[in-house]
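Please look over the sequence and the structure first, and then read the points below beside them.

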Amino acid sequence: MSLFKAFVAFHNGDYADAVALLRSVSGIAARFGGSHAQRDVIDLTLLEAAIRTGNMELAQALSAERALAKHYSPLVSLVSKRIRPRHAAQDFHDNILQTG
């Protein structure tokens, strides 16, 4: 039921709830079956929800985990490019606030 609620939350733009719900099922997704592609949907939706909430630390951790599992994947490269600019911009912003 949590998985269904997570996808509904994501669809409705409630990305924080989607992250919380998907994190609760992502580690046990293999137990309820489905193909690798179907389980990828859970992981990729969690990753996208983390990005949309601005939780770049979680997004980077999920992306790194995926890169280890998939080695080279064009999707991993694309996600990494999406994460880095936002993270770098936030670091720049934080540095200015600390020095200013």
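Two residues are in contact when heavy atoms of theirs lie within 4.5 Å.

The model is predicted, with local features needing pLDDT of at least 70 and side-chain atom pairs counting only at pLDDT 80 or more, while totals for chains, interfaces and linings use all residues. Residues are numbered from 1 along each chain as its sequence is written, and side-chain values use heavy atoms, with hydrogens and water left out.

**Overall make-up**
- The protein has five helices and zero strands, these being DSSP runs numbered from the N terminus (H or I of at least four residues for helices, E of at least two for strands).
- Of the 100 residues in the protein, 29% are buried, a term for a relative accessible area under 20%, with exposed meaning over 50% and partly exposed what lies in between (1.4 Å probe, protein chains only).
- Among contacts between residues at least 6 apart in sequence, 46% join residues at least 24 apart.

**Helix 2 and helix 3**
- Helix 2 (residues 15-26) packs against helix 3 (residues 36-53) at an angle of about 145°, and their axes are 9 Å apart; the axes are lines fitted to C-alpha atoms, for helices over the stretch in contact, and the angles run from 0 to 180 degrees between N-to-C directions.

**Residues of helix 4**
- S63 lies in helix 4 (residues 56-70) and counts as buried at 6% relative accessibility.
- Leaving aside neighbours within four places in sequence, S63 is in contact with L47, V76, V79, S80 and I83.
- A59 also lies in helix 4, and this residue is buried, with a relative accessible area of 0%.
- Not counting residues up to four places away in sequence, A59 touches L47, A50, I51 and I83.
- A59 and R82 are 23 residues apart in sequence, and their C-alpha atoms are 9.9 Å apart in space.
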